[in-house]
Amino acid sequence: MDLDQPMGMAPLMGSARTGATILCCNCGAPIDGTSSAGALCYDCIKSTVDISQGIQREATIHFCKDCDRWLLPPASWVTAAPESRELLSLCLKRLRNLGKVRITDARFIWTEPHSRRIKVQVTVQDQVADGVLMQQSFEVTYVVASQQCKDCAKSYTANVWRAAVQVRQKVTHKRTFLFLEQLILKHQAHRDAINIKEEKDGIDFYFAQKNQAEGFISFLKSVVPVLTKESRHLISADTHTGNKSYKYNYSVEIVPVCRDDLVALPLKLAKSIGNISPLVLCHRIGTSVNLLDPNTLQTAEVSADIYWRAPFHPLAGTPDLVEFIVMDIEPTGVRKGKWLLSEVQVARASDLGVNDNVYFTRTHLGQLLRAGDSVLGYMLEGTNFNSDDLEAIEASKAYGSMIPDVILVKKHFPNRRRNRKRNWKLKRMAKDEGELLPKDKDQAKMDAEYEMFLRDVEEDEELRAALALYKNSLKIKREADAMSIADTDMMTEAEEDGPKISMDELLDDFEEMEIKDKE
């Protein structure tokens, strides 16, 4: 081949084409001219272009100390744990102009808990020029300011409730309210109430919203038989928009029949619920009134709807119980659950040494009673009851001759000390007594009713299963400290009788537990 022969300028086949290389106009670094933006290298673009411009570096978020909620403008309050996804979302929503860029990452930066500061590192991405993406990270500092929410502000202000539930029971004692109080505490049904006020015949619960009051009424209907009535009061009305604001009042009346009450049923009602004897005992109060015939062990239930169609009142209650001494007892062999039908011969405790009056009756307590035991019951012989239903029973040919002289209710433990220290306790609900501060006489009556309720809890396993019992740490500590000290005033186990509650049935009270650092 002749080297002097002229050649064409076309490129050779298979040779690689290279891009044009230019120098950065700022720092002089060689860059690809085909993909460079404004003849600047990537380092110069980062130093001269700020894609986070206009985004806040400082912001303020508001926190309610009472309910531990955060303000989500304009008027919403949300619950969020520290360094949670919900709190991170809330912080990002507080930044202006953040929607102009794309967020690729966000995370919390640790700060001192008492500094009232929250730091968040945000990484954003945006397009600087055609085909050129830039990513940048920056820190945002949030100042935590305290602000009381509207719900908490209402709880500290009088007459701001929207719905009130007035629970009433027309009885002379409050044993049913003591049982209802424990059920409310166990299920936390009062958590939405802004105020709880004790009244003469019951308790008032105040709520900020109507649906909260309706939820509380639904809980009451699921545990006790009640009758509810609703009323409303107009607060304000807007004539232009037609919007009206009301306050709602709910009247909840609990049936006046309580546990261990003596009941005389209307004859028509007794036939309709299983042809039970009309003179019965109330052995349990649940969603309905549970009745027991101590002569036959037959049981029946009276629902709330049936009761309020034909209401009846008890003949006698627990304050009318009389102490008897078992002289002799003979089981009949008829058993139903925990009850054993027996024929028993009893004498009134006050008649011992005075007369020889002895009464024969049937009882459902055959499994618990022995000769010489004490038992509480109702004395029907020589007692006047102002009841039309009892007069109808006495005039009836079917039931007039079947009325016993004595109806026994429950076993009695006379040697059990009053207000003795127990290894368990029950929690009480915080109520506003208002102007109804109890007098000394009324306070003594309330203490006696509470002591009787505690004894019922000790004696009835079914009742204990429905409640939450806690360990009495003070009682356990005193017993541990006094194990080496002889207490002459303490009664022996033979002298102090009565049922005991085992420690396995009790719950730990976390409010009294103290956490100490190891030294």
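Two strands pair if DSSP finds at least two bridges between them, and strands here are DSSP runs of E with at least two residues, while helices are runs of H or I with at least four, all numbered from the N terminus. With that in hand, Phe324 stands opposite Arg348 in β20. This is a predicted model, in which local features need pLDDT of at least 70 and side-chain atom pairs count only at pLDDT 80 or more, though totals for chains, interfaces and linings use all residues. Residues are numbered from 1 along each chain as its sequence is written, and side-chain values use heavy atoms, with hydrogens and water left out.

**The chain as a whole**

- The secondary structure comes to 11 helices and 25 strands.
- Of the 519 residues, 38% count as buried, meaning under 20% relative accessible area with a 1.4 Å probe and protein chains only (over 50% is exposed, and in between is partly exposed).
- Among contacts (heavy atoms within 4.5 Å) with a separation of 6 or more, 65% come from residues 24 or more positions apart.

**A five-stranded sheet**

- Follow the open sheet across and you meet its five strands in the order β21-β20-β19-β22-β23, with antiparallel pairing.
- Its edge strands, each pairing on one side only, are β21 (359-363) and β23 (406-412).
- From one strand to the next, the twist averages 40 degrees, taken between N-to-C directions of lines fitted to C-alpha atoms, on a scale from 0 to 180 degrees.
- Nine bridges join β19 (residues 322-336) to β20 (residues 339-348) in the antiparallel sense.

- Val165 is found in strand β9, which covers residues 163-168.
- Val165 counts as buried because its relative accessibility is 0%.
- Leaving aside residues up to four places away in sequence, Val165 touches a set of residues including Phe205, Phe207, Phe216, Leu220 and Tyr250.
- Tyr248 is 83 residues from Val165 in sequence, yet their C-alpha atoms are 8.6 Å apart in space.

**The largest pocket**

- On a 1 Å grid over the protein atoms alone, a pocket is an open set of points with protein on both sides within 12 Å along at least five of seven lines, a cavity is a set where a 1.4 Å probe fits but cannot get out, and lining residues have an atom within 4 Å of a point.
- The largest pocket has a volume of about 1,100 Å³, where volume is the space filled by probe spheres set on grid points joined across faces, edges and corners.
- Its lining has 38 residues, and the closest to the centre are Arg259, His283, Lys338, Glu459 and Asp460.
- Strand β15 gives the most to this lining, with five residues; other elements that supply at least two residues include α4 (175-187), α5 (210-223) and α9 (440-459).
- By class, the pocket lining holds 17 nonpolar, seven polar and 14 charged residues (Ala, Val, Leu, Ile, Met, Phe, Trp, Tyr, Cys and Pro are nonpolar; Asp, Glu, Lys and Arg are charged; the others, Gly among them, are polar).

**Enclosed cavities**

- There are two cavities of 30 Å³ or more.
- About 80 Å³ of space lies in the largest cavity, and its lining includes Ser277, Asp293, Tyr399 and Ile407.
- Nine nonpolar, two polar and one charged residues make up the lining of the largest cavity.
- The second largest cavity has a volume of about 30 Å³, and α4 gives the most to its lining, with four residues.
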